[in-house]
Amino acid sequence: MPALGQPQSQNFVQWLVRTAVFVVFFAGQSIALNFSQFLSLLLWPFPHPYYPSYIKHTKRCFGILLVAINQFFAPSNFVITLDKSAEGVLKQSWNGAKVELDMPERLILIANHQIYADWLYVWCFTYLANAHDGIKIILKDSLKWLPIFGWVRI
């Protein structure tokens, strides 16, 4: 038995099953979210609040999907370090089960993405701040051809 914290090796069959479950889970959820966004076009002609709130809901669902994938398929520790100027930003829920971030209502988070995992960190951060429905992803012009899972809105 490996020591605590050491990754366990998988044989080919275990790896294949785990990969298949991941692909079905992620693809199924992503297709459902995209389909629901296409259905949201039916709300377009109606008064203004319906469409944006529906899109915010789908963004919230996508943020939850990314955090769930991380939790189910690649559980890891998310370490947040703060200095004294950020005192009171980090808090635990009433039962201590969940850490939350008490962030200002308006915030600009700039991420210098060096690896694709940085996208997951941004979504986890917004999830902990309960702001994953209000995230806006803006790419510089040279990156616009990259396929990303998110909403690019300026």
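In the predicted model, Phe22 is partly exposed, with a relative accessibility of 30%. Phe26 has a relative accessibility of 15% and therefore counts as buried, the limit being under 20%. Both residues belong to helix α1 (residues 12-39), where they stand 4 residues apart and are thus separated by about one helical turn.

The structure holds 5 aromatic pairs. One of them is formed by Phe22 and Phe26, whose rings are stacked, with 6.0 Å centre to centre and 0 degrees between the planes. The ring of Phe25 pairs with that of Phe72 in an edge-to-face arrangement, with 6.3 Å from centre to centre and 75 degrees between the planes. Because Phe25 lies in helix α1 and Phe72 in helix α2, this pair ties together parts that are 47 residues apart in sequence. Phe72 counts as exposed, at 55% relative accessibility. A single aromatic cluster is formed by Phe22, Phe25, Phe26, Phe72 and Phe73.

Helix α2 (residues 50-73) also packs against helix α3 (residues 117-128): the two axes come within 9 Å and cross at roughly 115 degrees. The helices α2 and α3 are therefore roughly perpendicular to each other, and α2 passes α3 in a left-handed crossing. On the α2 side, the contact is made by Lys59, Phe62, Gly63, Ile64, Leu66, Val67 and Asn70; α3 contributes Leu120, Trp123, Cys124 and Tyr127. The residues of this contact comprise 8 nonpolar, 2 polar and 1 charged.

Note on methods:
Residues numbered from 1 in each chain as written. Predicted model: local features only at pLDDT ≥ 70, side-chain atom pairs only at ≥ 80, totals over all residues. Heavy atoms only, no water. Axes fitted to C-alpha atoms, helices over the stretch in contact; angles between N-to-C directions. Helix = DSSP H or I, 4+ residues; strand = E, 2+ residues; numbered from the N terminus. Parallel < 35°, antiparallel > 145°, perpendicular 65-115°, else oblique. Left-handed = near helix turned anticlockwise from the far one by under 90°. Contact = heavy atoms within 4.5 Å. Nonpolar A, V, L, I, M, F, W, Y, C, P; charged D, E, K, R; others polar. Phe/Tyr/Trp six-rings, centres within 6.5 Å; stacked < 30°, edge-to-face > 60°. Buried < 20%, exposed > 50% of the residue type's maximum accessible area, 1.4 Å probe, protein only.
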